[in-house]
Amino acid sequence: MNDPATTTPAPTVAAGYRPLDGCYDEMVDAAGVPREHWSYLAESIAELGLDELLRRRVEAARLLDQDGVVYNTYRESARADERWLLDPLPAVLGSREWERIETGVIERAELLNLVLEDLYGPRDLLRRGLLPPELVFGHAGFLRSCDGIRLPGNQQLFSYAADVGRDKDGRYVVLSDRTQAPSGAGYALENRTVISRVLPSLYREAQVHRLAPFFRSLRVALQTVAPPGVDDPRIVVLTPGPLNETAFEHAVLASELGYPLVEGSDLIARRGGVWMRALGQLEPVHVILRRVDAWFCDPLELKPDSRLGVPGLVEAARSGNVSIVNTLGSSVLENPALLAFLPRLGKHLLGTEPRLGSVPTWWCGDDGSRRHVLANLEQLILRPTSRAPGSAATFGWECSAAELDALRRRIEHRPQEWVGQEPIAMASTPTLTSGGLEARRTVLRAFAVARTDSYVVMPGGLTRVAPDAGSDRISNQAGAISKDTWVLASEPERLTGFWLQSGPAVEGIDPMAAIPSRAAENLWWLGRYAERAEAITRLLRAVDDRRNEFQGSTNAAGVASLRALLVALTQVTATYPGFVGHGADKRLAGPGAELLSLVVDEARPGALAHAVRALLDCAYAVRDQLSNDTWLVVGSLDRVILRLHSSDEEPQAVVQGALQRVMQSLLALGGLGDESMVRDLGWRFMDAGRRIERAVQLLSLLRATVTQTRGTATDSLVLESVLTAAESIITYRRRYRSQAQLETLLDLLLLDEGNPRSVIYQLQRLIDDFDALPNGDHRLRDEQRLLLEASTALRLVDTTALVAQDAAGDCAELDAFLAHLLDLLLRAADAVDRVHFVQLLPQRQLVGPAQPAASANGTAARR
Amino acid sequence: MTTYTVTHRTEYVYESAVAPSYSQLHLLPRDLPGQRCRSAEVVVDPEPEDYRERSDFFGNRVAYVAIHEPHVRLTVTSTSVVDVDGRDQGVTLLAQRPWEEARDALADPHAAERLDAAQFVLDSPLVAATEAYADYALHCFTPGRELLAGVIALCSQIHADFAYVPGSTSVSTPLTEVFETREGVCQDFAHVGIACLRSIGLPARYVSGYIATDPPPGKPKLIGADFSHAWLSLLVPGAGWLDVDPTNDQLVSHRHVVTAFGRDYSDVPPLTGVIFTEGKTKSLKVTVDVAATPISA
């Protein structure tokens, strides 16, 4: 297909497409004719036409939504509104071009590896004057406490990424090297997944190199880097948590690689090694794939107030009992000043200058270079050598005279902390807009990972383009759009390294294998909040139904039943004063505002939106534990909640619409839990959370409604609503046909083992869930004992005796019994917290000023 | 030569149970030209689960301590026996050259001390050079003045201008504030001296250690009356490091015992740590005793 003889220009596309002036265009040459490796794609997109391409773009966005792909820009809560932007048109690289990038990236990785090894070892490069010591000693990434830490094997630089641009002559130029914890490979994989579904035939026929082998190489590399003598290394992915901007990717990596995703508080340093806190026991950890910046990794030896790290981690790495990759301190290589010295270092270390060159860079620590930079400030990009908040690049040509003066003074004051870089007329590439194809500046992030004495490069990478035609800034913070990157195979690719392997069966991972306690805790709360949200929704709907019937009606029983339900709503959700306390009469007369608040108020515990937000936070925190389809549901729930505030509809319509949409999502979530999750440890906790919450909600509702009598007409309406809210009305009507009776209602809601809404059913599931957990000594744990007690009490109860009324019409015995069950269940829930989850004390600094103690795991208290 | 036995005891009492507790100690004296550590030992109570000694980036001795048993009291006691010679006359001799010449010799890319010169002239976490420090230093480092005379004058100037006020500063007090209020403790004066030297291009480092004090005439020496101490050290081209003590306005003598050195205090705090606890630290007590042993080996 790359035969030039059969290539014909695609006039419809080429005609509409205008490359940017003064730069190289990826798709067309100077004459506007598609380049050889682009011709097939150019033709195909011309055939598809603009409308169809736009339709595919919508489809791509929908798929990304479905997978919950987000790029957070740090905020207090993870949200689905930070969309990952993906252009349906891939960036295309021919095999010759790719070879230049691939060999260049490997060569650079090898060179940087030798530099890294030297800087945290003999420092010969400094002693011999090949690298000025100020450049290293003055860089924030040079971590003295990590000096001398060595990974097993020859490669100290485990993974590497290069941002590669193309200058006006089409030469590839590295704009920056990424060595701290290179991000983007997971997004590249996601882009591929989406584009291969959006442009399936195009993708199939274009013979594109696959990405999966790269992730297998990554897995092999992680196993290879384990401390010597460890045959079956335990590997984890360390993340700063769900609020991190690339949290999505951390979860993708963890699930793609099949390793637990952990936060600092999931790990503990002991006896010279590192361990994962896994449900009441410690599991050894041998390799940590680090996505936390090194400086934050250990409050003992690095950043003292970091809450993202593990105290003692540096010492463990030093002892060689755990391999942390990239190695702590690797970001010393991200110093842009190093770019000015790479040719010299290449000659010294590899005998050749790197063929993949860098953007022309002058380090101001050198007198001659500083003079050049200061004399040409308005033509250069000025960059601090260390990356820090607020240390963005300054574009000399955008500065006023006063700004340039200030900049000059800053550079003269600490010259070794600055570089000047020449702007590159970056290449453009076609990007889909609603008006057709538009040329946008483009940059490729290429990824490499260590492989026996060299590196392997992902065939492809993460291409990003500027957010608009005029812009030459390409970063995710600036709203860049990403592209799938297609490296065309010169011959059909041999499929090797299948996932499906012949040969002896590999020992699988035990479904009851350890997961971090924090993950189990989040799943337990995910279950609880999901069920709580569902219970509130059902109750609100039942209330809303009665309101439609009886609000302002003259039917006394109807009005009384509505009133009883409103009071029950406040009691069950514990949203006092509500319809009970001070000002209740006014609110009972006009309940609209209070009901709206109970739906939309995220900050109000007990409100539906609060439970849903808490559920979402739990889901984002255990992203790696949940199936892909879950994100379809989570994303739509998130959007329902986000839209609640911007709605200008009439309040009751908002409430009804929200209740319906939330209910749909919650039902879908429940279905996924039942049908798409393996019954592993995590599922057990999620299910248990759901069950205990369902029982608690139902018992609370019964206490708030049926323990007192209000007259037959009112009571029958109340009982009917209770049965509706408990999702048992249909069964009840079918079974008992006649008028509602408390005794039969209790039979169905408390005692019927066949009713998946009954309390006894929840108790049985809870007992099963906790029995399924690994148990060392076969003695009952606290939560098991309490659940057994509750279950026994319930089985022995006589409902006929319970419904007896006293003179005031109250069923005191029933109330006492329900209260007793509720107490046992709440104590069981506390026992679960205590027995299974880690209760971390707040972290403090031992010496120094009094620090306000933050919660150790950063999560707010839950009720 | 004098032999000192140094005992340094730190006791923390906490409001509520602590577990785990991780700490890092710079309490074991290192060997240096003019100083030899005969023995040094740290005792931690409660018994740590992990205890390891190593050398840090600067060659100082560091101990890593991890305690997992819940505790409300932590004591760390180090006992070391150190031989201290008098000052190396060679260094003072070679410091008798114009300070600008010394500065330029160290900036030469081919200088033997190039790495140290670069490392200790750059800003460090607690000490950042500014014009103000340079101006202050230039009162002492007048053009052509000898390096030795300049640094002695700087010590005297700091000693004269700054009031020694225990408790006036904490570890987190910025140096600029010390420089403004003109009060602090030995650690602050060492930092001021370092900032002044670096601001005029002279590499300087922070030294953490002890000083033996004399009892008032006719009184017996009180155990624990001594303090942990800090001063600074200046790089002299071709000679090595020259230690000066601005707190006591003197060149460092055979009465000073060095524990560790670094770019500033943050590289070598005697004890730092991370603890997990609900409560606060109720009390912190430090006692230091530096006893000269009458015998000389």
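Tyr40(A) counts as buried because 21 C-beta neighbours lie inside 10 Å, where a residue is called buried if 20 or more other C-beta atoms lie within 10 Å of its own, exposed if 12 or fewer, and partly exposed in between, with C-beta atoms placed from the backbone. This residue lies in helix H2 (residues 39–66) of chain A, and its C-alpha atom is separated by 8.9 Å from that of Leu202(A), 162 residues apart along the chain. Helices (H or I, at least four residues) and strands (E, at least two) are DSSP runs, numbered from the N terminus.

The model is a predicted one, in which local features need pLDDT of at least 70 and side-chain atom pairs count only at pLDDT 80 or more, while totals for chains, interfaces and linings use all residues. Residues are numbered from 1 along each chain as its sequence is written, and chains are lettered from A and ligands numbered from 1 in the order in which they are written.

**Nonpolar core and helix packing in chain A**

The largest nonpolar core has 346 residues, and those with the most contacts inside it are Ala446(A), Leu608(A) and Leu615(A); such a core is a set of buried Ala, Val, Leu, Ile, Met, Phe, Trp, Tyr and Cys residues joined through C-beta atoms within 7 Å. The largest share of this core, 16 residues, is contributed by H14(A). Leaving aside neighbours within four places in sequence, Leu615(A) is in contact with Leu526(A), Tyr529(A), Ala530(A) and Ala533(A), contact being defined by C-beta atoms, placed from the backbone, that lie within 7 Å.

Helix H17 (residues 592–600) of chain A has Glu594(A), Leu595(A), Leu598(A), Val599(A) and Val600(A) as buried residues. These buried residues of H17(A) pack against helix H14 (517–550), helix H15 (556–573), helix H16 (584–589), helix H18 (608–621), helix H19 (628–644) and helix H20 (651–675) of chain A.

**An antiparallel sheet in chain A**

Four strands of chain A form an open sheet in the order E12-E15-E13-E14, with antiparallel pairing; two strands pair if DSSP finds at least two bridges between them. Strand E12 (361–363) and strand E14 (394–395) of chain A stand at the edges with a single partner strand each, so one side of each is left without a neighbour in the sheet. Strand E13 (residues 381–384) of chain A is joined to E14(A) by two bridges, and the two run antiparallel; Leu382(A) stands opposite Thr394(A) in E14(A).

**Backbone exceptions in chain A**

Most residues other than glycine have a negative phi, and most peptide bonds are trans. The table collects departures from this.

| Site | Feature | Value |
|---|---|---|
| Val325(A) to Asn326(A) | cis peptide bond | omega near -10 degrees |
| Tyr576(A) and Pro577(A) | cis peptide bond | omega about 0 degrees |
| Arg123(A) | positive phi, not a glycine | phi about 60 degrees |
| Arg271(A) | positive phi, not a glycine | phi about 45 degrees |

Asn326(A) is placed in the loop between strand E10 (323–325) and helix H11 (342–350) of chain A, and Pro577(A) in the loop between H15 and H16 of chain A. Arg123(A) lies in the loop between helix H3 (95–119) and helix H4 (124–127) of chain A, and counts as partly exposed with 16 C-beta neighbours inside 10 Å. Arg271(A), in the loop between strand E6 (267–270) and strand E7 (273–278) of chain A, counts as partly exposed with 15 C-beta neighbours inside 10 Å.

**Contact between the chains**

Across the interface, 27 residues of chain B are in contact with 31 residues of chain A. On the side of chain B that touches chain A, the elements that give two or more residues are strand E1 (2–28), strand E4 (61–67), helix H3 (114–121) and strand E13 (271–277) of chain B, and the largest share, seven residues, comes from E13(B). Strand E21 (residues 843–845) of chain A is joined to E13(B) by three bridges and the two run antiparallel, with Ile275(B) as the bridge partner of Arg844(A).

**A helix pair in chain B**

The axes of helix H4 (residues 131–138) and helix H7 (residues 186–199) of chain B come within 8 Å and cross at roughly 90 degrees. Tyr133(B), Ala134(B), Tyr136(B) and Ala137(B) in H4(B) meet Ala195(B), Cys196(B), Leu197(B) and Ser199(B) in H7(B).

Note on methods
Contact = placed C-beta atoms within 7 Å. Axes fitted to C-alpha atoms, helices over the stretch in contact; angles between N-to-C directions.
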